[in-house]
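Hi everyone, thanks for coming. I'll walk you through one structure today, so please have it open while I talk.

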Amino acid sequence: MNTNIVVFLPTYNEKENLPLVTERLFSLGLDLSILVVDDSSPDGTGEAGDRLAAEHPGRFRIIHREGPRGRGWAGIVGLREASRTGCQYAVEMDADLSHDPDELPRLLEAARGADLVIGSRYMEGGSAENFGWFRNLNSKTARFLSVVILGLRYTDPTSGYRVYRREILADLPWDRMISPGPSIVEETLFHIQRRGARILEVPITYKDRRHGQTKITPGIILRWIVTLLKIRWAAKR
Ligand SMILES: Nc1nc2c(ncn2[C@@H]2O[C@H](COP(=O)(O)OP(=O)(O)OP(=O)(O)O)[C@@H](O)[C@H]2O)c(=O)[nH]1
Ligand SMILES: [Mg+2]
């Protein structure tokens with residue numbers, strides 16, 4: 001992959017969404033390629049990805065992970081791989097179209113003056129469509145714990161819509177990263193903050209997922225909290 005921008009998409013059961021998000025990203029007309037890390041989705045996302053790779057040689061790549069699935073494990077593989085390409089920026093976003101590809105140019109623009117740009121739902125100008133009280137409460141609790149446990153004082157530390165300067169990713173301690181699940185997002189932010197990097201937030205409008213179902217289970221939430229504590233603990237030693 002020889003593009004200026006590499007977009008990493010983690011996927012688990014996103015068969016309908018993957019071709020849609022791919023088309024939307026390519027239609028932006030940027031020098032951009034897509035790197036998918038799929039956890040052997042039972043719904044056939046992997047095969048859909050193989051077809052897209054055949055249609056877009058050199059611009060679309062899919063890595064098929066085996067073993068237990070995990071947003072974090074997929075994130076470690078995907079971002080690390082992106083950091084090894086010759087790109088200038090690596091983008092991380094959900095594959096379910098909750099993160100609007102049309103907002104990417106604005107995030108990239110902001111990245112000219114930063115090491116990391118976070119798309120924020122909760123700063124002035126940002127929003128999260130159709131968040132009911134339960135998701136709102138979950139999201140608030142997650143932000144609160146991110147501040148208390150890891151000191152991540154941002155409006156949206158749990159946002160997975162981000163632009164990283166490649167060098168900052170290449171500098172992360174990948175072999176010591178421990179998040180199996182969604183806490184990978186906080187873990188990368190924690191390490192980047194410790195490096196004294198320039199971190200910027202810009203507002204985004206978070207949309208409801210287009211197709212398919214959420215992958216978050218009560219077990220994943222519980223493990224998320226335990227992992228934040230482990231990250232903090234490991235950093236102290
Ligand atoms: N490879 C991989 N990707 C995952 C896994 N869990 C979630 N993802 C992907 O990570 C992104 C975010 O997951 P979501 O389930 O959408 O989580 P969410 O955005 O908090 O919840 P909803 O939008 O309500 O579904 C999506 O692109 C998922 O397909 C996983 O175990 N492995
Ligand atoms: Mg989602």
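Let's start with a question: where is Gly 29 found? It's in the loop between helix 1 (17-26) and strand 2.

Before I go on, a word on the ground rules. This is a predicted model, with local features needing pLDDT of at least 70 and side-chain atom pairs counting only at pLDDT 80 or more, while totals for chains, interfaces and linings use all residues. Residues are numbered from 1 along each chain as its sequence is written, chains are lettered from A and ligands numbered from 1 in the order in which they are written, and side-chain values use heavy atoms, leaving out hydrogens and water.

Back to Gly 29. Buried or exposed? Gly 29 counts as exposed, because its relative accessibility is 65%. The scale here is relative accessible area with a 1.4 Å probe and protein chains only: under 20% is buried, over 50% is exposed, and partly exposed is in between.

Now the ligand. Where does ligand 1 sit? Ligand 1 is in the largest pocket. A pocket here is an open set of points on a 1 Å grid over the protein atoms alone, where a 1.4 Å probe fits, with protein on both sides within 12 Å along at least five of seven lines. Sitting in it means that more than half of the molecule's atoms lie within 2 Å of its grid points.

Which residues come nearest to ligand 1? Out of 20 around it, they are Glu 14, Asp 39, Arg 69, Asp 96 and Arg 209. Sorted by kind, the shell around ligand 1 has nine charged residues, seven nonpolar and four polar. In that sorting, Asp, Glu, Lys and Arg are charged, Ala, Val, Leu, Ile, Met, Phe, Trp, Tyr, Cys and Pro are nonpolar, and the others, Gly among them, are polar. Strand 1 (5-11) and helix 3 (71-83) each give at least two residues to this shell.

Let's look at some atoms. An oxygen of ligand 1 is 2.8 Å from a polar backbone atom of Pro 10, and an oxygen of ligand 1 is 3.1 Å from a polar backbone atom of Tyr 12. With Asp 94 it's the side chain: an N or O atom there is 3.4 Å from an oxygen atom of ligand 1. On its own, ligand 1 has 630 Å² of accessible area, and the protein covers 90% of that. Those areas come from the Shrake-Rupley method with a 1.4 Å probe; for residues, only the protein chains shown count as cover.

Asp 39 comes up again with Arg 65. Their side chains make a polar contact at 2.7 Å. That term means a pair of N or O atoms within 3.5 Å; within protein, one must be able to donate a hydrogen and the other to accept it, and residues adjacent in sequence count only if both atoms are side-chain atoms. Arg 65 is in the loop between strand 3 (60-64) and helix 3, and Arg 65 is buried because its relative accessible area is 14%.

Next, backbone angles. Most residues other than glycine have a negative phi. Ser 40, though not a glycine, has a positive phi of about 45 degrees. You'll find Ser 40 in the loop between strand 2 (32-38) and helix 2 (45-55), and with 39% relative accessibility it counts as partly exposed. Leu 97 also isn't a glycine, and its phi is positive at about 70 degrees. Leu 97 is in the loop between strand 4 (89-92) and helix 4 (104-111), and is buried, at 5% relative accessible area.

Conventions: A residue is near a molecule or strand if one of its heavy atoms lies within 4 Å of it. On a 1 Å grid over the protein atoms alone, a cavity is a set of points where a 1.4 Å probe fits but cannot get out, and a pocket is an open set with protein on both sides within 12 Å along at least five of seven lines; lining residues have an atom within 4 Å of a point. Helices (H or I, at least four residues) and strands (E, at least two) are DSSP runs, numbered from the N terminus.
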